Amino acid sequence: MKLQESAENYLEAIYVLSQEKGSVRSIDVAHYMGFSKPSISRAVGLLRDNGFVAIDQNGLLALTEAGLKTAQSVYERHTVLTDWLVSIGVKRETAAQDACRIEHVISRESFEKLKEHLREHHNT
C-alpha cells in the first residue's frame, strides 16, 4: 500500500519521538510537527484503522510492524538524503527541509543507487 506523504510524515514523527522519548502521545506528535491536536488525532485514527499504529488504553501510540517498517524506511531516506546534501555544501537546515520533500518521491531504485554511490565514494 502506497501511503500519502502526510501519512509517511506522521509515521516518521512517531518513530523519531519513540526513539527520543520512549512513549509517545498524540500531543507529542502535534508539538513535534507543529499541527493541531485535532489534526493529529484524525491522522492517527486513520493510521490505526489502516494497521500502522496501535493506541493503548492510556493513549500511548505504538507503531505496528507495518508502521515501523514504513517509518524506518522514510527515516532512512530522510537521514541519507540530508547527510548527502550537507556533504555537497547545502546548509543542514535547508538540506533537512529538501530531504523531507525528496524522501517521498525518490524511487527505490534511485535511492539504492545513491546509497551505493555514497558507500563507494564516501566510505559510509
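Modeller: Let's start with the word helix: helices (H or I, at least four residues) and strands (E, at least two) are DSSP runs, numbered from the N terminus. This is a predicted model, where local features need pLDDT of at least 70, side-chain atom pairs count only at pLDDT 80 or more, and totals for chains, interfaces and linings use all residues. Residues are numbered from 1 along each chain as its sequence is written, and side-chain values use heavy atoms, leaving out hydrogens and water.

Colleague: Okay, what follows α1?

Modeller: G22 does, and its phi is positive, near 90°. Helix α1 itself covers residues 5-21.

Colleague: How do I read a sheet?

Modeller: Strands of a sheet pair through backbone hydrogen bonds, either parallel or antiparallel. Two strands count as paired if DSSP finds at least two bridges between them. Here, three strands make an open sheet in the order β1-β3-β2, with antiparallel pairing. β1 (24-25) and β2 (53-55) are at the edges with a single partner strand each, so one side of each has no neighbour in the sheet.

Colleague: How many bridges join β2 and β3?

Modeller: Three, in the antiparallel sense. A54 sits opposite A62 in β3.

Colleague: And D28, is that buried or exposed?

Modeller: Buried means under 20% relative accessible area, exposed over 50%, and partly exposed in between (1.4 Å probe, protein chains only). D28 has a relative accessible area of 15%, so D28 is buried. You'll find D28 in helix α2 (residues 26-33).

Colleague: What does D28 touch beyond its neighbours within four places in sequence?

Modeller: Contact means heavy atoms within 4.5 Å. By that rule, D28 touches L17, K21 and S23.

Terms used. Expected span 1.5 Å × (residues − 1).
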